[in-house]
Amino acid sequence: MSIVEVKVPQLSESVAEATMLQWKKKVGDPVAADEILIEIETDKVVLEVPAPSAGVLSEIVMGDGTTVLAEQLIARIDTDGKVSAASVAASLAATAAAPKAASPAPASQSHAGVAMPAAAKILADNQLSAGAVSGTGKDGRVTKGDALSAIASGVKPTAVISIGVTTTTLPQVSAPSVQLGDRPEQRVPMTRLRARVSERLLQSQATNAILTTFNEVNMAPVMEMRKKFQEKFEKEHGVKLGFMSFFVKAAVHSLKKYPILNSSVDGNDIVYHGYFDIGIAVGSPRGLVVPIIRNADQMSFADIEKKIAEYGNKARDGKLGIEEMTGGTFSISNGGTFGSMLSTPIINPPQSAILGVHATKDRAVVENGQIVIRPINYLAMSYDHRIIDGREAVLGLVVMKEALEDPSRLLFDI
């Protein structure tokens, strides 16, 4: 018998452990080389574990829901296609010993209507009940794939509770619920990503002297340029010309003039970065992620738009890699996509500044003593006041404003 070991992929230095989600195969099932066996959730990404070779899954060492480390053995594959009774018994024992994501249920009941952790998060974000989704996992559990398929097929939100003239939707997830008449509650454990985001936000608030400066920008010149070249741009480059590429370009333009905005604190030292890696905050079914556009200063508008589209698709499908979210020297958060008018973004450590972009709305402004209507966007830049003075922050934001109100400045670098 020839046995091949299946191990946890290498994790990044900042990721200590991961959680096993759900095995897609059971002991005795045939597997093909590179077929995905299980997904492993870290505090940054969901990693897929492929089969290193073809054969039969002979043993599962670590069951669903267990915590694992990098390079840890989780299963064995018999390339000769044989499974021993001892391997089956060991795999059943591992599965039984694994912590369960769902609340205990009587042995006589199936797990239909119970969602795995990753699936529960997706269902919650889309206001869907696990009971409304057909589960293909073990004992009828709802998997991440089931949740995504249900959303794609247009399953309607359920478990709506009327309260006066408003309605509140409680997602049915794999957690105990408390029935309190017309005031129900549910306790849902945080995913690793949500817990990590919470930790980093608290770290940012506790370690940075955060101050926010604001300005308003007339988006008419950008909108006119975009309208003029949109059709030709998309035909030439195969991607739509959005607003984010303008914001990225304007930010880089400002960071070049005020390098302190592109720096970070390391102990008692200030590290000035000679490169421009811009993090773009993206909402995903698992929560907020910040993939990095590296060397943004060397990229064209088309390159930036393609990269943003690529990251958006990967975030939606849970395919972002750890290396794509590591590093970054400055971030941009676009709350305008959700209708936000104004906010104070929180710095993404160890960075020292972040730009908040908001919804562009027609507003009355004064130009040359006359009240006129212009499409206005409020920019907010939060910065670490320990190393960035108000002068640099305010002037840096003004440079971004001027670049957006006269995009030709980006061409001539003035």
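## Fold, strand pairing and backbone exceptions

The secondary structure of the protein chain comprises nine helices and 23 strands, where helices (H or I, at least four residues) and strands (E, at least two) are DSSP runs numbered from the N terminus. This is a predicted model, in which local features need pLDDT of at least 70 and side-chain atom pairs count only at pLDDT 80 or more, while totals for chains, interfaces and linings use all residues. Residues are numbered from 1 along each chain as its sequence is written, and side-chain values use heavy atoms, with hydrogens and water left out.

Of the 414 residues in the protein chain, 45% count as buried; buried means under 20% relative accessible area, exposed over 50%, and partly exposed in between (1.4 Å probe, protein chains only). The chain exposes about 20700 Å², and carbon and sulfur atoms supply 54% of that area. Accessible areas come from the Shrake-Rupley method with a 1.4 Å probe; for residues, only the protein chains shown count as cover. Among contacts with a separation of 6 or more, 64% are between residues 24 or more positions apart, a contact being heavy atoms within 4.5 Å.

The largest nonpolar core has 73 residues, of which Ile40, Ile74, Ile278, Phe330 and Ile332 touch the most other members. Helix α6 (residues 244-257) gives the most to this core, with eight residues. Another core lies apart from it and has six residues, among them Ile122, Leu123, Val133 and Ala150. A nonpolar core here is a set of buried Ala, Val, Leu, Ile, Met, Phe, Trp, Tyr and Cys residues joined through side-chain atoms within 4.5 Å.

Strand β2 (residues 18-23) is mostly covered, with six of its six residues buried. Two strands pair if DSSP finds at least two bridges between them. Strand β2 runs antiparallel to β7 (residues 67-68), joined by two bridges, and Ala18 stands opposite Val68 in β7. Three bridges join β2 to β4, also in an antiparallel arrangement; here Met20 has Ile40 as its bridge partner in β4. Ile40 is also one of the residues that touch the most other members of the largest core.

Some backbone features stand out. Most residues other than glycine have a negative phi, and most peptide bonds are trans.

A cis peptide bond joins Pro349 and Pro350, with omega about 10 degrees. Pro350 belongs to the loop between β20 (330-334) and β21 (353-357).

Thr329 is in the loop between α7 and β20. Thr329 counts as buried because its relative accessible area is 2%. Its side chain makes a polar contact of 2.6 Å with the side chain of Asn262. A polar contact is a pair of N or O atoms within 3.5 Å; within protein, one must be able to donate a hydrogen and the other to accept it, and residues adjacent in sequence count only if both atoms are side-chain atoms. Leaving aside residues up to four places away in sequence, Thr329 touches Leu261, Asn262, His273, Tyr275, Phe276, Asp277 and Gln351.
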